[in-house]
Amino acid sequence: MAVILDALVQLAQLLLVLALAPLLTGYVRKVKAHLLRRRGPPLVQPYRDLLKLIRKEVVLAENASWVFRIAPYLIFATTLIAAALVPTFATGLVFSSAADLIAIVALLGSARFALALAGLDIGTSFGGIGSSREMMIASLAEPAMLMIVFTLSLLAGSTQLSSVSTFMQGQEVGLRVSLAMSLVALIMVALAENARIPVDNPATHLELTMIHEAMILEYSGRHLAVIEAAASLKLLLYLSLIACMFLPWGVATTGQGFAAYAIGLGTYLVKLAAAGFLLAVFETVTAKMRVFRVSDFLGAALMLGLLAALLLFVSQSA
Amino acid sequence: MDRLALDVAHLFAGGLVLVSFMLLYQDRMFGLLNIFALHALVVSLSVAWQAYIQAAPHLYITAGIALVVKAIIIPVALHRIIVRLGIHRTIETVVGIGQTMLAGIGLVALSILVMLPITAEAGTLAREDLAFSLSVILLGLLMMISRRNALSQIIGFMSIENGLILAATAAKGMPLVVEISVAFSILVALIVIGIFLFRIRERFDTVDVHALERFRGEQP
């Protein structure tokens, strides 16, 4: 019985992230538009875009190989699995034992691998630029992410997300400078990974400095729809990751009944709205960096992660 | 209560190491000054917390001196010097920020590895603070050797002094006379360095210390 309930919660979670991701993207765009004193597109615009793109025919480049055609589905599938593994409103999921932080990093890494291959496959110069920049960012962002994972798992004694979340909800966490550092580092990594403003501009296609858009420039129709859905899923994933590890209040645990799930869902939505609002404010007040300064930005994230692990080491051995 | 006291002390000491890294990362003059003021503020908070948990009221005076002299007087004075010299542009570092950061991480790891074994008998708080203060001192030295601009070298020097204060308070405080004389010698050092800066600038039209090396004939 309990297993069935867990499976149902897992399914609900999968559908929830799938349904919520475009709404989050639309919400961030809307807030940004309001901050610039524009009205902005309606909240449901990303859903409309996706529907329209799915109905359109696919235009393939002449020299596109099978890699180019299957990459969007690979990206979407790995990102969806990763997003479904992060506990959003409840921790007792049926795949909780598989919801390992390192597994999530690996899933996102394989999505990135597929995307970079697709960027290289058609042989245009933009795709190549985009792929090489994405790899440069990844080579700094992934070690930083892993250092954050090490810090958290040293504290919680497990790399499983549900255990980390339960640990952070408990009393014995204490006031730790390592946690603050890893939170800042995680936010920096999330900004870089989602191609948000100090690293890349999500709102433009017409810049020589673009990274994510450069790789997907040749995609059209349902392929583009799937890639856009994956991009908004990834944003949702990172925000839920931050929410579940650093703001785990209200998340329901196993067998707490329907009311706890409802509370969990409500607090999750509030957290997402707050995080999306802060993201929009941050993007409005910050200028985009030169591409060559991105290594400094992510180097600082890596440094924070390393420092967090080191300081934790001191406080545990002292 | 005891656990919370330890956690807050850890937070301040770790925060000081973090601010030292921010000093290494920042390459603009006014930003550097603001972060230095933050550095001094964190030190005085940390000392005040130590005064509270060790029930040692004379440490409050140390915290007050750190706050007034190093978080207010010295940043304001340096701000005026920068404006007078007209050097509020970007400062150049000898090696890149990335390498400096990596070297800094290495120094922090080194000081932890050195300090934790040799202080095995001391209390938890003293061990932690000693390890952190050694890393603040080493980071200050790193800042002094990795920057060319005389003003950022001064800021590195002052941050070393903050690390020394942290070490002294962790080891049950130093006598007040010593603390006051150290504070005054720092002020005197500031005055001497200020005059020195204007002299370098008069002579070479720059505050880049490489000009001195060229003048001595050490570099072609």
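Hi everyone, let's start with chain B: its secondary structure amounts to eight helices and zero strands, where helices (H or I, at least four residues) and strands (E, at least two) are DSSP runs, numbered from the N terminus. Read from the N terminus on, the elements go α-α-α-α-α-α-α-α.

Some housekeeping. This is a predicted model, where local features need pLDDT of at least 70 and side-chain atom pairs count only at pLDDT 80 or more, while totals for chains, interfaces and linings use all residues. Residues are numbered from 1 along each chain as its sequence is written, and chains are lettered from A and ligands numbered from 1 in the order in which they are written.

Back to chain B. Its C-alpha trace spans about 60 × 35 × 25 Å along the principal axes. The radius of gyration is 18 Å, which agrees with the value near 17 Å that a compact globule of 220 residues would have; that quantity is taken over C-alpha atoms, and the globule rule is 2.2 Å times the number of residues to the power 0.38. Of the 220 residues, 38% count as buried, meaning 20 or more other C-beta atoms, placed from the backbone, lie within 10 Å of a residue's own.

Now a helix pair in chain B. How do α2(B) and α3(B) run relative to each other? They are roughly antiparallel, a label for angles over 145 degrees. Helix α2 (residues 29-54) of chain B and helix α3 (residues 58-85) of chain B cross at roughly 175°, and their axes come within 8 Å; axes are lines fitted to C-alpha atoms over the stretch in contact, and angles run from 0 to 180 degrees between N-to-C directions. The residues of this contact comprise 19 nonpolar, five polar and one charged. Here Ala, Val, Leu, Ile, Met, Phe, Trp, Tyr, Cys and Pro count as nonpolar, Asp, Glu, Lys and Arg as charged, and the others, Gly among them, as polar.

Over to chain A, and where it meets chain B. In total, 19 residues of chain A are in contact with 23 residues of chain B, with contact defined as C-beta atoms, placed from the backbone, within 7 Å. On the chain A side, the elements giving two or more residues are α7 (177-193) and α11 (294-317). Which of the elements gives the largest share? That is α11(A), with 13 residues. By class, this side of chain A has twelve nonpolar, five polar and two charged residues.

Conventions: Two residues are in contact if their C-beta atoms, placed from the backbone, lie within 7 Å. A residue is buried if 20 or more other C-beta atoms lie within 10 Å of its own, exposed if 12 or fewer, and partly exposed in between; C-beta atoms are placed from the backbone. Angles under 35 degrees count as roughly parallel, over 145 as roughly antiparallel, 65 to 115 as roughly perpendicular and the rest as oblique.
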